[in-house]
Amino acid sequence: MKKIKVFDTTLRDGEQAPGCSMVFKEKIELALALEKLGVDIMEAGFAIASPGDFESVSAISGIIKNSSVASLARATRKDIDVAYDAVKSAVAPRIHTFLATSPTHMEYKLRMTPSQVLETIGDMVAYAKSKLSDVEFSAEDATRSDPAFLAKAVKAAVDAGATTINIPDTVGYSVPAEMTELLEFLYANVDNLDKVTLSVHCHNDLGMGVANTLAAIQAGATQIETTVCGLGERAGNAAMEEVIMALNTRRDRFPYETNIVTSRIFPVSRLIYSIVGMTAPLNKPIVGANAFAHEAGIHQHGVLAKRQTYEIMMPESIGLTTNKMVLGKHSGKHAVEDRLKDLGYTISKEEMDDLFGRFKALSDRKKAITDGDLEALVLHRIHMNGAAWKLDRFTVNSGNYVACSAVVRMSHEDELIEKVALGDGPIDAAFNAVDKIMRVPEHRLEDYSVQTISEGNDAQGEAIVKLSSGGNTATGRGLSTDVVEASILAYINGMNKLL
Ligand code: KIV
Ligand code: ZN
């Protein structure tokens, strides 16, 4: 079967989506999860965008062993130099340079003539090639470009040594039949295109990112650029899990293979949603809570009689476990470690000590610890570790005929600080008390939500807050069987990030 390479751009295009920015630790955690997922190439970021981006691309390059690591670069020497510096320590580094080829982008954004664009592509691909052997060129807005001109641009990049040519549907404008025609046209009109990897990068503005990606594979593309859960600019990019499960479920139509370990799909989707502070829409294909749920009696009856009546995929194939009630108060460290291994997590010894402490604390409050609970504890370790300000204890007084008040005590280095505040409800009062302690200048609470992690009265709640201050935004998360505590933890986590 023909092999399709998966180029993941969650850390770059995904991170560019509004409200989806990630901090260093989160990027590292995600990069490790993407490596385990089996992506062939991960675009770790846009190294020149900021010192923070450079730092995370270099760090990821230093730790990832089984995937190529790419940095995006505009078609300029400076961008390419910085991208090269950021990825040069990777086992398999790649420079991904791009320039727009559509009339609108060339005239209004680049202010370049078509011949200047062709010359720049040749020069900058050759420059990147002088630094690294693995060079990808993207013709930004390719699907709104004149196909004949696009063919010249692609030829310039191939002649200059690009090893991958990417055809982005930058604004999600294409439809599947058009994508097929465009790729067939390029294969027919660009010499040696069959000697390099042809890739597509489809945005989802008209909801066709996945369909266009599949059409491109059938037309000969051997690399696809996707993001986990379709995160990305505007309506996002083609969702990796949807493309992969379409390929796997419809092998009759798609006789292609990838290196994706499908049982890692669900855990990685949980990780990414937890990092960006979003939840999957209930009806999200593959990873939404309803994707494998059957409510209507007639469906339940059918599935019980024969699963295939209403299920086209096995929940286990994406890593959804059915084994839910496994651990409790009397479970030892080994049992917890083993269950985490089954779920695909490798935890260092120090992290395991901390995690087991939190597992014990949870099992005092909650009878049965589900896989969801355990995963939530693991995911939350990246949000909690190394915080400057910590919650020590709190009390809230709330009722429908009294003013709500909260007393919060927090630790900072060796100091304990306690404040009391009133508020419009217990959460508001508690947040006001934290404000008095942490004194973050001019911040705003943009969004706040709480969701349950597992079932039952003693379920853990995960609170998510979005905060902003002076043009910066931060997502904070907190986990507890007590929603007030989860909310205070989330607020403090977000405030620590703003600071
Ligand atoms: O959508 C796009 O065109 C891009 C390129 C930079 C590849 O993200
Ligand atoms: Zn894009």
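These legends describe close-up views of a predicted model. Residues are numbered from 1 along each chain as its sequence is written, and chains are lettered from A and ligands numbered from 1 in the order in which they are written.

**View 1. The shell around ligand 1.** R12, D13, H96, F98, S138, E140, N166, P168, T170, H201 and H203 surround ligand 1 (a heavy atom within 4 Å). By class, 2 are nonpolar, 6 polar and 3 charged (Ala, Val, Leu, Ile, Met, Phe, Trp, Tyr, Cys and Pro count as nonpolar; Asp, Glu, Lys and Arg as charged; the others, Gly among them, as polar).

**View 2. Polar contacts to ligand 1.** Polar contacts are pairs of N or O atoms within 3.5 Å. D13 places a polar side-chain atom 3.1 Å from a ligand 1 oxygen. For T170, the distance to an oxygen of ligand 1 is 2.6 Å. An N or O atom in the H201 side chain lies 3.1 Å from a ligand oxygen. Alone, ligand 1 exposes 260 Å², and the protein buries 94% of that (Shrake-Rupley method, 1.4 Å probe).

**View 3. Helices α2 and α3.** Helix α2 (residues 24-37) packs on helix α3 (residues 51-63) at about 35°, axes 10 Å apart (helices are DSSP runs, H or I, of at least four residues; axes are lines fitted to C-alpha atoms over the stretch in contact, with angles from 0 to 180 degrees between N-to-C directions). F24, K27, I28, A31 and L32 of α2 meet D53, E55, S56, A59, I60 and I63 of α3 (heavy atoms within 4.5 Å). This contact has 7 nonpolar, 1 polar and 3 charged residues.

Methods. Predicted model: local features only at pLDDT ≥ 70, side-chain atom pairs only at ≥ 80, totals over all residues. Heavy atoms only, no water. Polar contact = N/O pair within 3.5 Å; in protein donor to acceptor, adjacent residues only side chain to side chain. Helix = DSSP H or I, 4+ residues; strand = E, 2+ residues; numbered from the N terminus.
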